[in-house]
Structures are given as structure tokens and as C-alpha cells.
Amino acid sequence: MHFPTAGGPFFRHLRMWHAASASLVVAAVVAFLVLLPSDGARSVPNSPCRPADSARADTPSAPDLDGDGFIDLVHEISDTENFDVIIVPGSEHGPDHDRTTVLTRDDLGVPDDIQTGDDPWQPTIADLDEDGHADLIVSGAAQVLWGGPKGPQADGPHGRVPLPGSGYNTAPIAGDFDGDGHTDLAVFRFSNEDQELVVLKGPFQRSGAPTRTLEIPSPVHEGASPVLVAGDANDDRATDLALYDSPWDPPLLFTGGARTAGGLSKEPQRLPEGENVAFGDFDGDGRQDVAIGRSFVDSYDEIDTPHRRGQVSVRYGKEPGKWITMDGGDFKEGFGTRLAAGDFNGDGCDDLAVQLTKKKETGDARIEVLRGGSEHGLGSKPWRATKRSVPGDDGPMYGTLFAVHDWDGDGRAELALLGEDRWWITDGTDRDEASFPVTPSKDRGV
């Protein structure tokens, strides 16, 4: 059975559950995909970015489950029988592995009949009931662990978002798609009979029930399993929804704030061909821009990569009708396999991390960082390549770009690379900051 991930089948080789005895999205993200929007804009001297009235403030919030001001590293890991959500709290020194918490299937109340895959995901984190605390939404069951002053607890209140029918492999992603100020959820239903996009409108009751549920006919070909990612591509304060990673369709963009029942436009925009989408304010004008990666590497390594460089195409908010395409890496190096936006140098403008992968099922963790904040946005020279190892170590042979956030609260984002049952945290220049196992040690009793 095919279980899609935020980067397609590139995650399949990890199989971490079988290597770690107790071992997110990415939820999809992805959840989200994982390709997360950057954190709030900051005022930096001589920066072209506008910290005030920035559309970035309306993007989905960063995952701070316990409300301590530090972003947490949260992921799901599952196989066909087991399911865990692993929470690594943030701190002034970055993700604090010594305080890792593991929430099991029983802790989360995920039913036994819910299908799970063996790929890592980022769960959805959002305040569904509007009590001021972040809630945790996990798995294809859309199980909710309600937040509180200390974050969601295993013995705390639970709920479940009622999804119509069956055929969900990831948790819904969050956004205010109709622009009414309430958090909504969106998820793609992978049923063989009725593929569709489902929108659940907030606010949500403590049972998990939405105010209203809308079912939209699938905009992609039968059999496709697109990843969803949320952002604001037109600066109207309503969340837009992109779908990508379908082998038969280009990325699609539904604009939010439309006069429809679900708040999304009736028809999606066709974006340039590519395999992933990221949102960020790369030119510092306060409007979100859209980036699309196209590596030309086959998803299953079955077809030879053509003798050409990978690409990143960018559409800036100030010029919504114009796409700029940049080639990167060397020939057949897979530039553009994965994208993530974040402010790595603290100037208040988003940069773009781009992964290069020659083979997606046996890929490496080579990352190029395209600097934002130049007169024309991305493409500031020189591009900087992150190291892929902690000093004195060979680094993750099969690592991949998983997420970007400012985990230590210093105003500069870090990258989290995931591979070989380990996390690798790097600051996006030439310095690695930490490396630790995906799951905590058994003898710690976590």
C-alpha cells in the first residue's frame, strides 16, 4: 500500500521503526509537509523586511505545545501496527533531547483499525477550540489531544475530528481558509471510490466536531496522492492551499477567502511543474512568495535522471503574474528535491533551503541555502551549502530535510535533518549544532 510523505517516496528507505524499538507532519503538512512557513517577522536594522503588517503573521503558528516560547520538534513515527508521536521540547539550546516525551497509540486514542504507514510525519498543531492553548491533531484518524498550560498530556482530554468516510493516511492541516478568524482544517481523502478534498470549518467543539464539513471533488487524477501545504499567496489574510507531488498533475493552488461554502476558490490555479511547494517572504516586502522545486529525479529511482540541473521557480507577491526560474547544483544532482523557508541569518527576511538528491530512495542530506533579502529576493550570492555532519562524524548518509524553525529562540532558524535514526540540527551556514537519536533511551523511562 502506498503511504505518501511530504517529499514523496524519498522517506521510504528510512524504515526507522524497525531499527528503533519504540519509535511525524507533517502531518501532513505536511503538513503539513513538511515544508513549513517561517516564523513571525522581526525588526532588524538595515533589513528590507517589513515586520509590521506582514502576511507572514497569518501563517499557521509554529509548534510550541507547552507555551514556553520555544518551538518543539514534533513528529509521528508508525508502522502497520504501532504508532508514536515523539515530542522534543525546544529550549535556549535548541531541541532538548533529554526531555523527550513519547505518546503511544493508546495515549493518543488512535483506533486499531486506522491505517498507518512507516514514514515520518509532522502532526498538525493548532488551537482548534480557541482556548489559547495549542492542540495536537495526529494520524489519519484526526485524533485530537487537547492542549493546556503544560501542553497536551497523555492523561488529558481527547477528541476526534469526524472525517467523512474512510481513506485518510495523514492528519488534516490547519489554516483560516475562509478568512473568518477561525482555524479550519483541510485533508485529502485517498479512497479508491471517492477521492476528494475535505474542508472542516472551525471553531471546533471539545468532541472534535467542526462547525461544518465540506467535500470538494478531487482536483487531481485518480490514484494521485497529493501533499497539502498552507500559506497566503495573495496577501488577503485568508489561507491558501497548495497541492503537490502528484505524478500526473502540476502543483495546484486553491486561493482562500472565496465566496464559496468552504472559503476556497472553485477552481485551482495550475502552477509550474514541480514536486514541492514552499511559502515565504523572500524579498522582504511583507507579502508571501511561492517557491516550487523541480529536481527531475524520478520518485522511485527507476528512471535515469536527465542530464540537466534542477530548478526552483519563484513567484513574488509583488509580481503575481511572473515566475522566475533558477537552476542550481550540477547536472543530475537533483537540486530542488525538497524546499523549506526560514530566516537563517536573522535579517528578518526568509531564506530558502533547497535539498539536492541524486536518488530519492538513497538520497543524501546536501542542502543549499538561497539567501533572501536582496533587491530581487532570492538568489543572493554566494549561495551557502550547509555541512551534513557533526564535527568528527560522517553525518547522515540517508538524511533528508525535515523541518525548519528557530528552536533556540535566537532569531535565526535552524534546519532539522532526519536520517539513520538520528536528528541532525544545523544552523544553515557551516555549523552543525546537535545530533541525537530519534527515540529516547529505554532506560530513561520515557
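Tutor: Let us start with the terms: helices (H or I, at least four residues) and strands (E, at least two) are DSSP runs, numbered from the N terminus, and two strands pair if DSSP finds at least two bridges between them. This is a predicted model, in which local features need pLDDT of at least 70 and side-chain atom pairs count only at pLDDT 80 or more, while totals for chains, interfaces and linings use all residues. Residues are numbered from 1 along each chain as its sequence is written, and side-chain values use heavy atoms, with hydrogens and water left out.

Student: Which residue of S10 is the bridge partner of Ala-174?

Tutor: The partner of Ala-174 in S10 is Leu-185, and this pair belongs to the setting in which strand S9 (residues 173-175) and S10 pair in the antiparallel sense over 3 bridges. S10 is also joined to strand S11 (residues 196-201) by 5 bridges, again with the two running antiparallel, and there Val-187 has Val-198 of S11 as its bridge partner.

Student: How many residues of strand S10 are buried?

Tutor: Buried means under 20% relative accessible area, exposed means over 50%, and partly exposed lies in between, using a 1.4 Å probe and protein chains only. By that criterion strand S10 (residues 184-189) is mostly covered, with 6 of its 6 residues buried. In a regular strand the side chains alternate between the two faces of the sheet. In S10, both faces are covered, with Asp-184, Ala-186 and Phe-188 buried on one side and Leu-185, Val-187 and Arg-189 buried on the other.

Student: Which residues point each way from S19?

Tutor: Gly-310, Val-312 and Val-314 point one way, Gln-311, Ser-313 and Arg-315 point the other way, and all of them are buried. As for its partners, S19 pairs with strand S18 (residues 289-294) in the antiparallel sense over 5 bridges, with Gly-293 standing opposite Val-312, and 5 bridges also join S19 to strand S20 (residues 324-328), which runs antiparallel to it. In S20, Gly-328 is the bridge partner of Gly-310.

Student: Why does Gln-311 count as buried, and what is it in contact with?

Tutor: Gln-311, which lies in strand S19 (residues 310-315), counts as buried because its relative accessibility is 15%. Contact means heavy atoms within 4.5 Å, and, leaving aside neighbours within four places in sequence, the contacts of Gln-311 include Ile-292, Arg-294, Phe-296, Thr-325, Asp-327 and Phe-335.

Student: Where does Leu-378 lie, and is it buried or exposed?

Tutor: Leu-378 lies in the loop between strand S23 (366-371) and strand S24 (380-386), and it counts as buried because its relative accessibility is 6%. Leaving aside neighbours within four places in sequence, Leu-378 is in contact with residues including Phe-282, Val-314, Tyr-316, Met-326 and Leu-370. Leu-378 and Cys-349 are 29 residues apart in sequence and 9.9 Å apart in space, C-alpha to C-alpha.

Student: What is the order of the strands in the open sheet of 4 strands?

Tutor: The order is S5-S6-S7-S8, with antiparallel pairing. Its edge strands, each pairing on one side only, are strand S5 (124-126) and strand S8 (158-160). Axes are lines fitted to C-alpha atoms, for helices over the stretch in contact, and angles run from 0 to 180 degrees between N-to-C directions; neighbouring strands of this sheet are turned by 25 degrees against each other on average, direction ignored. Within the sheet, strand S6 (residues 135-138) and strand S7 (residues 143-145) pair in the antiparallel sense over 3 bridges, and Val-138 stands opposite Gln-143 in S7.
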